[in-house]
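Please find below my note on the model, as numbered points.

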Amino acid sequence: MGHTTRMASQALPGEQTRCNLGAPPGPGGPDAMEDTMELDPTSPTPPDPAQLAASLRHHLRYHLARSVRRSTKYEVFLALARAVREPLTDRWLATERAYREGNVRRTCYLSMEFLLGRLLRNAVYALEAEEPCSQVLRDLGHRLEDIEEQEDAAGLGSGGLGRLAACFLDSAATHELPVWGYGLRYQYGLFRQFIVDGYQVEEPDHWLARENPWEVCRPDDAVIVSFYGGVTVSQDGKGGLHYRWVGTEDVLATPYDIPIPGYGTNTVNTLRLWSASSPNSGLDLHTFQQGDFQAASQRKFRAETITAVLYPGERSEAGKELRLRQQFLLASATLQDIIRRHLHINPDLRNLDEKVSLQLNDTHPTLAIPELMRLLMDQHGFGWDDAWQLTSRVFAYTNHTLMPEALERWPFHILARLLPRHVQIIQEIDRRFLEHVRRVFPGEEARAHRMAIIDPGLDRQVRMANLAVVGSGSVNGVAALHTELLKSGLLSDFHAMFPQRFNNKTNGITPRRWLNQANPPLAELISSRIGRAWVRDLDELRRIEPLADDPEFRRAWREVKQKNKVELAKVIDRHARVEVDPNSMFDAQIKRIHEYKRQLLLALEVIHEYQALLRDPDRDVLPRTIIVAGKAAVDYAMAKLVIKLISSVGAVVNTDPRVRGRLKVVFLPNYRVTLAQHIVAGAEVSEQISTAGYEASGTGNMKFALNGALTLGTLDGANVEIAEAVGDENIVIFGLQAHEVREWKARGYKPREVYERDPGLREVLDAVAGEAFSLGRPGLFRPIVDSLLHHDEYMVLADFAAYVQAHQKVARLYRDAEAWTRTSILNTARVGRFSSDRTIHEYARDIWRIDPVSVALQPSPEAVTARP
């Protein structure tokens, strides 16, 4: 059929999308609602406990058909979530009304990940309703802590990229900035990680198996997203060419909205997630009745697979195609939605760039650039020049990597088959851009080849980062060092051409999640001395700096940390079946398992310490617990082997009677936001040991420092700025710097020579290569050793000796409890600049050009029937 952009309700009259139609409407929902409630337009106030209790009982009885006495903890959670969502919904509706009536400029944040974590506690804190909720639950015989454990965290992210996006949404709502998030509603998330015999085993994370009380389905806002087919060209009477995308395979994208509440404000923004399905039932009834059940459901399966899992493996061509289908569904559905909302208020799209800013969170949503061009030209009558000017003013691009191999490149032939019209547009963007490059840099054909969007080599690939830079009005890095390395290295050609586009926006974290929620005892201690203004303005933490010299405050600080360590020890025992001593030093590295993040370096240092203990069992050694957590990509064999090595080292060290419990190694499975909150609250040393010049920013470093952990790290990513903030005496830095890494490699780095020179390192690697940790499987870890001796791409051996010395320095510092506590307090006091509130204000001011919008809770004379 000929391709047109249409809403789901236009696909098949009377067809109903698969939504929980019983869910109460949120902002812009399809049901007419009169805003006749008497609401206080001033600052928000916590819910009344009596009203909250009545609402909870109402939802138990009338939504779940349960009496209070017979309800389970999970049912109480559902009822409480619905009760808490009621005041949030009032604010949600008011927020959308304020944006619509003011026709305000908004930002739409496009990201493949939003790692939200559990939302109940977040909503409770945003409403400042912890005490009312706790009181209501106590009256019913429950604790808030137990009820929140019933929530299945949304499986919408894998690590730092998604957590950053979640922090940004939180900060935007808290500071009343009109920002919508757009992502995908993955049915199974990334995966649930189990450790079986030391190996990572993946199982689907079926987080939607039970009801998600936070989401609202919007079937009337569903859109059709098309794939495959071909392009026809016709000419009008004036010689103009008109392109029509025909013969497409269509998919229905249905939105689910999640409220994003701000802390201490009436603003509740929206995260809109798209779910893919077949435009009709997806079932070929005739084929089904013939007995070929699998073939009858093929279209349904193909459509639903698009939003089944986050980051499907891409080693196969089918995997690459599925990744592209995901990325395009996000891009197309989001743009259709944005255009619909814009045209509801504005007469045409000529002022789209005045009303909307679109932020691409990494290269994944970059197909939005050619898709907007297609929609403007093929659907709304724009000429090329006008469409391109509008497109390049609307988009902004955040780069999150310094690794060339991590920049997305997609085979041209797959894109051409999947999105034939978009390939035409990309080719034209590339042709025009290269003409411009050759005018600016005449005779520099090598530069033109490097900057080309479509790789001119034999293996034609579309370079998504190049397309993102060319099609965006702003390009930012996420740490000062990262941005400088982008400008001088990875994207230097583009910086030479567009220097005004490049800027830095150092990442940040939300203090609401990563101190107020993650570490209530520490938050309470801080607030008891300086009040709670820090929750919205993290620079207020500077006021505790003088207290670092107060012996009584240091004692209270240590008590909080010890309490958190005891709780973390219980978590470790529960999840890893390892007993650890809360009086030992807790040393943690939690992040995605990747060779450049160098979990392997930590493992080698632990083996070195273990071997020293075996040589001298009576030596005076600081007791230490090593805590590692993180997931390896399903098809990343070396990273998964590193997990096996860490697990095997733990199995040997933890059971060796000669160690006498002075060294423990724990790998905690299924790393996620909830687990991270426990670890950052209890850890005392933060391992940030990536190879210098490879980590874009990191945010785990900020979370640990905010909770008083000492950073042990390289001068990489945001570590550089953390060192500047906390002072050299309050951080331990080791290893090669980024320019030294490049120089060593340029000179021809020979890792085997390092191995031969260092007897301690040699003993460690020989043990890994042998049977000391292979547990009866000789040669199991030989691939790790061979990689280190022959390549050592990430300079593990080069930094090993300095890393061992850094750990020795940390041990010396830790033995002085008073001095260590002072350092811990100063780390917390001085990291206010790493709040995502600061980052989001910089985006709003420098890139998005959006202003805060005050939201008043007041009755509206209109029925909420029309959506913006």
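**Cavities and a loop residue**

1. The largest cavity has a volume of about 170 Å³. A cavity here is a set of points on a 1 Å grid over the protein atoms alone where a 1.4 Å probe fits but cannot get out; points are joined across faces, edges and corners, and the volume is the space filled by probe spheres set on them. The lining comprises 15 residues, of which R106, R341, H342, K355 and V356 are the closest to the centre; a lining residue has an atom within 4 Å of a point.

2. This is a predicted model, in which local features need pLDDT of at least 70 and side-chain atom pairs count only at pLDDT 80 or more, while totals for chains, interfaces and linings use all residues. Residues are numbered from 1 along each chain as its sequence is written, and side-chain values use heavy atoms, leaving out hydrogens and water.

3. At least two lining residues of the largest cavity come from each of β1 (106-110), β2 (179-184) and α10 (317-345). The most come from α10, with four. Helices (H or I, at least four residues) and strands (E, at least two) are DSSP runs, numbered from the N terminus.

4. Eleven cavities of 30 Å³ or more are counted.

5. D152 sits in the loop between α5 (144-148) and α6 (160-174). Beyond its neighbours within four places in sequence, D152 contacts W207 and R210 (heavy atoms within 4.5 Å). From D152 to G457 the C-alpha distance is 47 Å, at a sequence separation of 305 residues.

Methods
On a 1 Å grid over the protein atoms alone, a cavity is a set of points where a 1.4 Å probe fits but cannot get out, and a pocket is an open set with protein on both sides within 12 Å along at least five of seven lines; lining residues have an atom within 4 Å of a point.
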